[in-house]
Structure formats: C-alpha cells, structure tokens
Amino acid sequence: MGVGIEVASLNAWYGTNHTLQDITLNIPANHATALIGPSGCGKSTFVRCLNRMHETNPIARVTGTVRIGDLDIYSDAQPVEIRRRVGMVFQRPNPFPTMSIYDNVASGLKLNGYSNRRALDEIVERSLKNSALWDEVKDDLKSKSGASLSGGQQQRLCIARALAVDPEVLLMDEPASALDPVSTSKIEDLIFQLKSQYTIVIVTHNMQQAARVAEKTGFFLNGRMVEFDSTHKIFTNPSDKRTEDYITGRFG
Amino acid sequence: MSVNQTSFRSKWRALTDRTVTGLAVLATLLVIAPLVAIFVYLILKGASSLNLAFFTQVPKPVGEVGGGMANAVVGSAVLLAIASVIGVPIGIGGGIYLAEFGRGTKLANAVRFTADVLNGVPSIVMGLAAYSLIVLPQGHFSAFSGGVALGIMMIPTVCRTSEEMLLMVPNAIREAALGLGLPNWRAVLSITVKTASPGIITGCMLAFARVAGETAPLIFTALGNSFWSTSLNQPIAALPLQIYVYALSPYDDWHRLAWAGALVLIALIVLAVSLVRYVTSRGVLKGAS
C-alpha cells in the first residue's frame, strides 16, 4: 500500500544554483499527484529529492525534511533503503540493454541477492501484468532484450521493473514525454490503475495529462511552489495569478 | 530559367554525392590494403614451410633440415597467459576506478596521465624495467619476467579503453540502477560494466594482439630457448623472438621457418581474438544493442 509524503522547508542546490526554495507540501497516500510548471522550474529536482537521487550528483545539496510514511528519509535511513521504498520511472525509457525482459524486471530483486526462482517468476509475471505489458511479451521473456521493445513498451517495462521491488511510492518524471499518443494513453491508463495501490507523483509538461490522471496538482515556478490544490481547482479556479497565466498558456 | 537551375543543382548534388562516396570507399580500401598485402605475402612466403613438424617439433641444430617451432608456439601462449592475468584485471580495475569512482579527483587525473605516459613508453624500455626488477635480482632469465613485461604493457591500453567504454554508458542506465535501490558498487559491476563489456573486451583484445607480437621486451627477459621448456623459472621460447633470430640468420632454411612463424603468429592472434568474440557473444539476446 502507498504511504503519504510530507515535505517541509525543502531546499535544493546544484552548485550555487538554488533550484528549489522552501517547498512545503503534503502528498496524499494512494492518489496521483501531478507537478506542472515550465522547464527548469525545479519539479524534476523536487521528485529527485523524494528518493535521494538528487544527491547522486556530486555538486548537489539538500536541506529540509521529507517524511515518507513514518520515515524521515534524510535522517533515518540510507539512500539505498529509501530507493527500494520509492520507485522511479524516468523521462526516457532506460531498460538495461544487456538484459532480457525477464531479467530487467527481476533486476532490482536479483541484484539485491534475492534468488527464490519460483517467487521471482511470480513477481515478474505480476509486475508485467500490473504494467499492462504481460500479454505482449510473455512468449519471449527470456529470449528478447529489453532494448528490442518499442519505446512505449520499454517505458512499461521500466514501470514493471520499478513495481517488482514493491515500492510504496512511485515517482514518474515525465514518463510519457518521449512517447507517441497511443503509448501515452496506455501509460495514463496504467497510472489510473496503479494509484489504488501506490502513491504516485508524476511530473508532466502536459497539462491535459495532469488533469486526466491526478487528484492533486502542484504548480512550480522558478524553484518555488506557487500553488498546490485539487486538480480541479487548479485548472478551473486557481488562486494565484501566475498559475492562471500558465494554465491558460500565457507563458511557459 | 528556374527549372534549368534546379535540374543543374540536383545533378551537381548527385555528382558531389558520388564523388564523396567514391573517396570514402577509396579510403576504406587503402586502410584494408596493407593488412591484406601483409597477409597474402606471408601466405606466399610461409605457407609452403608449414607442416605438421612445425607444430610438433622443436628447432633442429644448424645444418639439419626440418624441425619446427612447437616450443615457441607454446612459449608464446605461456607468456601471453601470464601477461593477460596481470594486464586484464589491473587494467579493467583501473578503468572502472577512472570512469565510475574517481571522476574529477586528483588521483584519477594522475592515474590517467600515468597510463597515457606508460602507453607511450617504448617496449624495449619495458623489457629493461622487467630485467632490472626481476631478472637481475633472480639472477637468471625467465618466462615469468617476460610475461610481467608484456602484462605491464597491456595495462594502459586496457585501462584507458575500459574507461572510455564505461563513459559511453548513458547516465540514464546508472540512474535506473540506483533508482532500484542497488548499492553503488553493485550498480557499477552488474549494470554499468556489463553494459560496457563488449567494448571492454575489444580493448583487452587490442592489448593482447599488440603484445603478442612484441619482441623487444622479451629480449632481456624471456630470452628465447631452442629446447622444450614450460617452466616459468627458465628462459622460454616465443614466436616473435624465434622469428627475429631466424630472420637474421644466414640460412635459407631458417628464413623459410621465420616466414612460417610470422604467418602462424598472425593466424593465432586472429584465432584467439575470434574465439574470445565468439565465446563472449554467445547467449546475447535478440535486439540487444
């Protein structure tokens, strides 16, 4: 099951560039939350702070607190532990090119030393079913490379790979921006199904997408969070003038 | 007028296209030409002296007809095995450090610089180094010292190509691995290195092929041997050394054997490289890039 995320006074830097300034918000459990805003506004940095991927860049720095469920991720735990609880799907599909479809899905477990074959088989099947890819790949799970799939299939493979380690939260950084419309709508359907089991945070450039999949939406601008509210309110009656300008297409 | 101009332009474009393509093909042929020429020449000169005895007998004393280079073939294999055991792991390990752990550190820059310098050191100097470090203290020439000299020569090539190949792995792959909650060392070894492995293997093969033909580092170390020896503590024969000695000799019979030896040396390198490629490419998946 998903858990809620409480973010308080989060600041992030790349070198001297203050990319996130004093972000405070609560992301509800078992819902999809969308983050929108123009390029460079900090929304990707924000999700990368939620699984401590931000700090893999040597010049990056973070202050503030992030609680995922009852875990304060910056003081109570190691990054490795957090990333198992907080899965991530990236902008460009990035399956491991040398691995079969099966091994891609099983990689998170196998490489962490999990070796019960029957259980792995079950987890791989369930993850691929959950990511709506099973029917397309079940016949060549072990004979085809993950890289041989189409872009949309690769992205669903990456979702299956993230689901296989059984996370509580799923972060998606523009998961459909490199995909065609048909694949995009498949990913959106998927988000709709997955949010009953996982807390989903999705960064998107596509405002219709945010409106379609998310209950809550946050608008980011220049490293600050301008507004965070129900998706319906953000898109029909935003409180902030800048949000309104952005969603009506006056800038960005 | 505009119609004429258009057709003139498209003809001109087609002509340019054909000219450039032609030049590229010509350049390709020029690249292949020396290799083919050497191979053909070696076959013409050496194939007639190749027979079973070449692979089964040791050299006969001067004046006696026949004999072979079996000891040199085995000797080269022994030397290259020692060299690979030293050069491949150290080289790959260094490459992994440079690309994955030491990026931007002073130590990494120093290691990279040293490797580049080492790559440019003449091979005879490597032989002298191994001579003074191993042969002099031990008091005798040995297969071991020759293998060490060749192994040290392999390190910089393997190290730098491994680094280059690892840097070509997209960062997205590293992030995917870390995002699954893998510890960094595990992500590097099981994901990044594995993804770069075809390139790393190519680097190892290049280094291997290069030292397989080295003569100079062996002169003061392995020394050469006219008799059977597989002891690491004794002087050992090697194909390049044998070719060197035979080619400089005044005897026609030895000249023919030297040609045959050169042909066998190249053939064995091609065989070894192909074998490694075959073995490492088995089980590769459909569509893997």
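**Entry 1: two helices in chain A**

I began with helix α4 (residues 117-130) and helix α6 (residues 151-164) of chain A, whose axes come within 8 Å and cross at roughly 130°. Axes here are lines fitted to C-alpha atoms, for helices over the stretch in contact, and angles run from 0 to 180 degrees between N-to-C directions. That angle makes α4(A) oblique to α6(A); angles under 35 degrees count as roughly parallel, over 145 as roughly antiparallel, 65 to 115 as roughly perpendicular and the rest as oblique. I noted a right-handed crossing for α4(A) and α6(A) (right-handed if the near helix is turned clockwise from the far one by less than a right angle, left-handed if anticlockwise).

A word on the source: this is a predicted model, in which local features need pLDDT of at least 70 and side-chain atom pairs count only at pLDDT 80 or more, while totals for chains, interfaces and linings use all residues. Residues are numbered from 1 along each chain as its sequence is written, and chains are lettered from A and ligands numbered from 1 in the order in which they are written.

Which residues make the contact? From α4(A) I listed Ile123(A), Val124(A), Ser127(A), Leu128(A) and Asn130(A), and from α6(A) Ala160(A), Leu163(A) and Ala164(A). Two residues are in contact if their C-beta atoms, placed from the backbone, lie within 7 Å.

**Entry 2: Tyr114(A)**

Next I looked up Tyr114(A), in the loop between α3 and α4 of chain A. Leaving out residues up to four places away in sequence, I saw Tyr114(A) touch Leu109(A) and Leu120(A).

**Entry 3: chain A as a whole**

I counted 10 helices and 10 strands in chain A. Helices (H or I, at least four residues) and strands (E, at least two) are DSSP runs, numbered from the N terminus. Of the 252 residues of chain A, 50% count as buried. The C-alpha trace of chain A spans about 55 × 40 × 30 Å along its principal axes.

**Entry 4: chain B**

In chain B I found 11 helices and 0 strands. Buried residues make up 39% of its 289 residues. Its C-alpha trace spans about 85 × 60 × 35 Å along the principal axes.

I then picked out helix α7 (residues 171-179) and helix α8 (residues 184-212) of chain B, whose axes come within 10 Å and cross at roughly 155°. α7(B) and α8(B) are therefore roughly antiparallel to each other. α7(B) passes α8(B) in a right-handed crossing.

**Entry 5: where the chains meet**

Last, how many residues does each chain bring to the contact? I noted 25 residues from chain A and 20 residues from chain B. On the side of chain A that touches chain B, α2 (79-85) and α3 (101-110) each supply at least two residues.

Terms used:
A residue is buried if 20 or more other C-beta atoms lie within 10 Å of its own, exposed if 12 or fewer, and partly exposed in between; C-beta atoms are placed from the backbone.
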